[in-house]
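Biologist: Could we go through this model step by step, asking each time what lies behind the words we use for it?

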Amino acid sequence: MPTFVYMSSCDGCGHCVDICPSDIMHIDTTYRRAYNIEPNMCWECYSCVKACPQNAIDVRGYADFAPLGHSVRVLREEKKGTISWKIKFRNGEEKNFVSPIRTTPWGSIRSPADYDRPDPGDIKSQDLAHEPDALNINGDLPVLNPDRLKQGVS
C-alpha cells in the first residue's frame with residue numbers, strides 16, 4: 001500500500017505537497033487535509049512521511065527491511081533534529097533507527113540555475129555537473145585504473 005494520511009492528525013500545512021517528487025500529494029479543498037491523489041504512482045520515497053510535522057502520513061515498509069506482517073512508524077522530532085524509524089516485526093521484535101533530518105539549513109542549497117552553465121566538452125566527462133566542487137575534491141575524482149585491478153580468479 002502506498003502513502004496514506006491519518007485525517008485526524010493532518011492539519012493541512014502542505015509540507016507533503018511541497019516535497020512530493022511525483023506531485024501526487026494534494027490538499028483537499030473541502031476538508032483542508034492532505035491526500036494521495038494517485039496511490040499507484042507513489043514512489044514510496046518517504047519524503048512526505050519525513051516532512052510531515054504532525055506525523056500524519058504513513059506508508060508500508062519495503063520487504064527488504066520489514067517483511068510482511070510488520071509495522072513501520074516514522075517520528076519527526078524537530079527539537080532533536082532527527083527522524084526516528086520504529087519497525088515492529090510479527091514476532092514482536094522491534095528495531096529502531098535514527099537519522100538527522102537535514103545536514104544543511106533549509107534554503108542553503110544552491111539551485112542548478114545558480115551554477116555556471118557546463119561547457120559543451122563536459123558531456124564526455126564521467127563527472128556529474130559541479131561534482132568535484134560539491135564533494136570538496138581538488139581536481140578530478142579518483143578513478144580505478146584497469147592496471148590496479150586484480151586479474152584472474154581467486
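Modeller: Let us begin with a cut-off: a residue is called buried under 20% relative accessible area and exposed over 50%, and it is partly exposed in between. Keep in mind as well that this is a predicted model.

Biologist: Why is Glu93 called partly exposed?

Modeller: The relative accessible area of Glu93 is 38%, and since buried means under 20% and exposed means over 50%, a value in between is called partly exposed. Lys95 is likewise partly exposed, with a relative accessible area of 38%.

Biologist: What makes the contact between Glu93 and Lys95 a salt bridge?

Modeller: A side-chain nitrogen of Lys or Arg has to lie within 4 Å of a carboxyl oxygen of Asp or Glu. Between the side chains of Glu93 and Lys95 the N to O distance is 3.7 Å, and therefore the pair meets the cut-off of 4 Å. In general, side chains of opposite charge can pair when their charged atoms come close.

Biologist: How many salt bridges does a search of the whole structure find?

Modeller: The search finds 4, and one of them joins Glu94 to Lys86, with the closest N and O atoms 3.6 Å apart. Glu94 is partly exposed at 37% relative accessible area, and Lys86 is partly exposed at 39%. Another salt bridge is formed by the side chains of Lys80 and Glu77, where the distance from N to O is 3.6 Å.

Biologist: Why does Lys80 count as exposed?

Modeller: Lys80 has a relative accessibility of 61%, and exposed means over 50%, so the word applies here.

Biologist: Are Tyr46 and Asn55 buried or exposed?

Modeller: Tyr46 has a relative accessible area of 6%, Asn55 has a relative accessibility of 17%, and buried means under 20%, so both are called buried.

Biologist: What makes up the largest nonpolar core, and which members touch the most others?

Modeller: This core has 21 residues, of which Met25, Val49 and Ile57 touch the most other members. Two or more residues are given to the core by each of α2, β5 (71-77) and β6, and the largest share, 3 residues, comes from β6. Strand β6 is itself mostly covered, with 5 of its 7 residues buried. In soluble globular proteins, nonpolar side chains tend to be buried together.

Biologist: Which residues make the nonpolar surface patch?

Modeller: Met7, Tyr35 and Ile37 make this patch, which has an area of about 250 Å². Met7 lies in the loop between β1 (4-5) and α1 (15-19).

Biologist: How many helices and strands does the protein have, and where is confidence lowest?

Modeller: The protein has 3 helices and 7 strands, and 25% of its 154 residues count as buried. The mean pLDDT is 80, and 79% of the residues reach 70 or more. Confidence is lowest in helix α3, residues 131-134, at a mean of 66, and highest in strand β2, residues 25-27, at 95.

Technical notes
Residues are numbered from 1 along each chain as its sequence is written. Side-chain values use heavy atoms; hydrogens and water are left out. pLDDT is the predictor's confidence in each residue, from 0 to 100. Helices (H or I, at least four residues) and strands (E, at least two) are DSSP runs, numbered from the N terminus. Patches are made of residues with over 30% relative accessible area and no salt bridge: like charges are joined within 9 Å, nonpolar side chains (Val, Leu, Ile, Met, Phe, Trp, Tyr) within 5 Å. Accessible areas come from the Shrake-Rupley method with a 1.4 Å probe; for residues, only the protein chains shown count as cover. Buried means under 20% relative accessible area, exposed over 50%, partly exposed in between (1.4 Å probe, protein chains only). A nonpolar core is a set of buried Ala, Val, Leu, Ile, Met, Phe, Trp, Tyr and Cys residues joined through side-chain atoms within 4.5 Å.
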